[in-house]
Amino acid sequence: MLQATLASGHADRPCVFEAFTRRLPEGRRYGVVAGTGRFLEALAEFTFGTEEIDFLRERTIVDEATLDYLASYRFTGDIWGYAEGECYFPGSPLMIVESTFAEGVVLETLALSILNHDSAIAAAASRMTATAGDRPCIEMGSRRTHERSAVAAARAAYIAGFDSTSNLEAGRSFDIPTRGTAAHSFTLLHDSEREAFASQLSSLGLSTTLLVDTYDVTGAVTLAVELAGPELGGVRLDSGDLVSQAHEVREQLDSLGATDTRIVVTSDLDEHAIAALQAAPVDAYGVGTRVVTGSGHPAAGMVYKLVARADADGTMVGVAKASKDKSSMGGRKFALRRRNSTGVAHEELIGIGSAPVDDGDDRPLLVQLVRGGEVIVPTDARSAREHHANSRAELPTKALRLSHGDPALRTVYQDEQSRTEVEED
């Protein structure tokens, strides 16, 4: 496409691209924007070096004119989008790229590969943390996904409310708190469970968490308190009926005087398993496979489409595909979250061509991320985490239900005609 438009003279035509989803994954009531910070950091470094140009030339993938263009490629346009951590709904204009066709079209895979992955993780993680309430969730899924996506997944989960991660690279790269516990192999290495526990306590201190289900849980808990005393930090359960075991272990710990010892549970947890454990005396959840694979929905379903371009006289006109089941809404979008008098959101209002009418309680959703090719917003995970907490808090209570249902907010489009009608009323 780039080569052909360079040849036709259309490559520099001003355009608007938009990243959005036509629908939420089945059963989900809201999505979560994540990966924006990673995308913006990648954008700042997004160039084509000598090795990339040589590869394209050797394979004769594009012609010399295109290679010359790519060799000097730098994005110089503007980008708007929902703030990272924002909740979204079908049709939400999650990212808007305003640039020449050539500059914008090259960004499609970079944007979608990051946003689709991270937003899927964040949506799953948000359901889990909403269900967990005040009990912290620890991201522990690194061994269940690609080594690079594991780091990104930890960041996305943290944005959506996870308390910490076991991935130290994520901790180093994104300043995320790190936590972890010993594995069964540590216990099995030693000649006895007593020796394993004593070794861990000696090296890591009384605040450590001991894994107590390698052999017999009841015996292991007794041994753990015998060696550590009532100051033992925690015990972890990783198998069996976690609900009944948690009750039994809590009763046993309390009877031994270890009333402050925490119970951490793991073992293929997801939002539904966490919900089932809410009545159990559990202090923290360690979540692995389900969160890093999006709890059944590993991609967010975002697409990146051209929605407007300059006409022959320079006027911007909306464009859209109309193919069956994959139609899109043309025109540059503007978005508000409509809220009631108590601050509870009830509608996603999308203006086409210009901003929709604000009734006074609405919250603007689009912020400028890039101006003239320069990133102008923070890209850190902590800022996005705070934004998500605030965004989720204004959703109606039905948004947090785990049962299958429609999106929590309906999406309403407001074009020039409907805006005029509203203003006249």
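Accessible areas come from the Shrake-Rupley method with a 1.4 Å probe, and for residues only the protein chains shown count as cover. On this basis the protein exposes about 19300 Å². Carbon and sulfur atoms supply 49% of that area. The model is predicted: local features need pLDDT of at least 70, side-chain atom pairs count only at pLDDT 80 or more, and totals for chains, interfaces and linings use all residues. Residues are numbered from 1 along each chain as its sequence is written, and side-chain values use heavy atoms, with hydrogens and water left out.

The C-alpha atoms fill a box of roughly 85 × 65 × 35 Å, taken along the principal axes. The protein has 16 helices and 19 strands. These are DSSP runs, numbered from the N terminus (helices: H or I, at least four residues; strands: E, at least two). Of the 425 residues, 51% count as buried. Buried means under 20% relative accessible area, exposed over 50%, and partly exposed in between (1.4 Å probe, protein chains only). Contact means heavy atoms within 4.5 Å. Among contacts with a separation of 6 or more, 73% join residues 24 or more positions apart.

In soluble globular proteins, nonpolar side chains tend to be buried together. A nonpolar core is a set of buried Ala, Val, Leu, Ile, Met, Phe, Trp, Tyr and Cys residues joined through side-chain atoms within 4.5 Å. The largest such core holds 52 residues. Val212, Val265, Tyr285 and Val291 touch the most other members. Helix H11 (residues 217–228) gives the largest share, seven residues. Domain 1 (2–121 + 297–422) and domain 2 (125–290) both contribute residues, so this core lies between them. The domain bounds come from an automatic or database domain assignment. Beyond its neighbours within four places in sequence, Val212 contacts Phe197, Val217, Ala220, Val221, Val235, Arg236 and Leu237. A second, separate core has 48 residues, including Val106, Ile114, Leu365 and Leu369.

A search of the whole structure finds zero disulfides. A disulfide is here a pair of cysteine sulfur atoms within 2.5 Å. The sulfur of Cys137 lies 16 Å from the closest cysteine sulfur, in Cys87, which is too far for a bond. Cys87 is buried, at 0% relative accessibility. Cys137 is also buried, with a relative accessible area of 2%.

An unreviewed UniProt entry carries the annotation "domain: Nicotinate phosphoribosyltransferase N-terminal" for residues 1–116. UniProt positions are given in the numbering used here, feature names are shortened, and annotations may be inferred rather than shown by experiment. Over residues 1–116 the chain is 41% helix and 20% strand. The end C-alpha atoms of this stretch are 23 Å apart.
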